[in-house]
Amino acid sequence: MLSLHSARQRPRTPDRPARVGLAIAGGGPIGGMYELGALRALEEALDGIELTRLDSYVGVSSGAFLAAGLANRIDTAEMCRIFITGDSNDVQFRPETFLRPAIFEYLRRAASLPRLATQWWQELLFSRNESRWSDLLMHFGALVPTGLFDNAEVERFLQDVFSRRGRSNDFRELDANLYVVAVDLDSGEAVKFGAKGWDQVPISTAVQASAALPGLYPPVEIGGRHFVDGALRRTMHASVLLDRGVDLLIGLNPLVPFSQDGTGLPVSHERSLAAGGLPAVLSQTFRTLLQSRMQVGLARYAQQYPDIDQLIFEPNAEDAELFFTNAFSFSARRRISEIAYRNTMTDLRRRADVLRPVLEANGIGLRMDVVGDEERSLLDGLASSPRDNDATARLRRALDDVDHLVAQRRPRRERAGRRAP
């Protein structure tokens, strides 16, 4: 599903390349895989734009992984090799890295049991029966771990990836502007890592904090403050890029509430989401809150930033397979990415007449030979992974920089590449 807001005016000189910003929301491992499939479709379908060379990026939660990767010039083809086919010669991804029990968190919480028990008995004995047995849960709530899984290994994985082959784990060394949003647990404040005053935090640590979904991962301590998932404040944080004055915003949100209206079948008790129990109810509630909040924001952005083109890609509400897939499952990552790829290509194909003038105004063409191929799949255009070592990878990166500089010196019309008939 594509939401489009066309700029009322485009007050820029014709010879200046359009500034394109990419905002990627969260959604757990499955949400991240959906976004990867959508990004792969955009990279193949759009001409005159490189997703690894945009003006700016903002990522939230699982979207922060993808935004940080793109800002570090890891393209969608390589991400597919890393997370889907598993044949990357650069990064070896193991799902268990993200699902290791937080043993130290469990032990740390358990160690506080004697102190909590002593405090509770003192209150019970000396509070003249004011302390009730029902207060037991509140007293011992501190024993419950703040997260099931250890995210320290996630940070180490990213640190390794961003410290090799010419990439950087430092916001200040990137060619593009990258922002990773997390929320201060004690104040509720949204913090933009990568912005001034927060750009000294390693990218890997910022992503770890932004993806610290309460209950799943423990809060991440940075500078004496504890940070959790950035989606607690806003779904996509697109305003971070809109405030920068980008000309075109591309946004991705993988979580939408499920609707049975499109199935054509009556809703019975057996087919209702309530029949799926608490997981289905919580999933629908969470998705509804995230999307409704985002829709309110997008409506406001259209009024507040009328001269910025905005394209927001989301799943179809009637997609039952996407909704009922375990949000934290890694085994379904290829299937979910394929759904996203096909959905995005379908959106581009069906809205081509409306999209084409918006894209062309920003120096971007639409490859109708790719978009029009309804049989095309996620991996069709995926070449084998380059067999580079660290030195050759750095050389390839430097040569790519030279090619990019040469391309930038060509007239804008030529840079836009092939145009659809």
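Serine 61 is buried, at 8% relative accessibility. The model is predicted. Serine 61 lies in the loop between strand E4 (56-60) and helix H2 (62-71). Leaving out residues up to four places away in sequence, serine 61 touches Gly26, Ser210, Ala211 and Asp229.

Aspartate 229 sits in strand E8 (residues 225-229). Aspartate 229 counts as buried because its relative accessibility is 3%, and the cut-off is under 20%.

| Residue | Relative accessibility | Class |
|---|---|---|
| Serine 61 | 8% | buried |
| Aspartate 229 | 3% | buried |

The contacts of aspartate 229, again without residues up to four places away in sequence, include Val60, Ser61, Val183 and Pro214. Ala209, Ser210, Ala211, Ala212 and Leu213 are also among them. The aspartate 229 side chain also reaches the backbone nitrogen of alanine 231, at 2.8 Å.

Now a helix pair. Helix H1 (residues 28-45) and helix H12 (residues 333-350) have axes that come within 7 Å and cross at roughly 40°. H1 and H12 are therefore oblique to each other, since roughly parallel would need an angle under 35 degrees. Their crossing is right-handed.

Which residues of H1 meet H12? Among them are Ile30, Met33, Tyr34, Gly37, Ala38 and Arg40. Ala41, Leu42, Glu44 and Ala45 belong to the H1 side too. The H12 side includes Arg333, Ile336, Ser337, Tyr341, Met345 and Leu348.

Note on methods: Residues are numbered from 1 along each chain as its sequence is written. This is a predicted model: local features need pLDDT of at least 70, side-chain atom pairs count only at pLDDT 80 or more; totals for chains, interfaces and linings use all residues. Side-chain values use heavy atoms; hydrogens and water are left out. Helices (H or I, at least four residues) and strands (E, at least two) are DSSP runs, numbered from the N terminus. Buried means under 20% relative accessible area, exposed over 50%, partly exposed in between (1.4 Å probe, protein chains only). Contact means heavy atoms within 4.5 Å. A polar contact is a pair of N or O atoms within 3.5 Å; within protein, one must be able to donate a hydrogen and the other to accept it, and residues adjacent in sequence count only if both atoms are side-chain atoms. Axes are lines fitted to C-alpha atoms, for helices over the stretch in contact, and angles run from 0 to 180 degrees between N-to-C directions. Angles under 35 degrees count as roughly parallel, over 145 as roughly antiparallel, 65 to 115 as roughly perpendicular and the rest as oblique. A crossing is left-handed if the near helix is turned anticlockwise from the far one by less than a right angle, and right-handed if clockwise.
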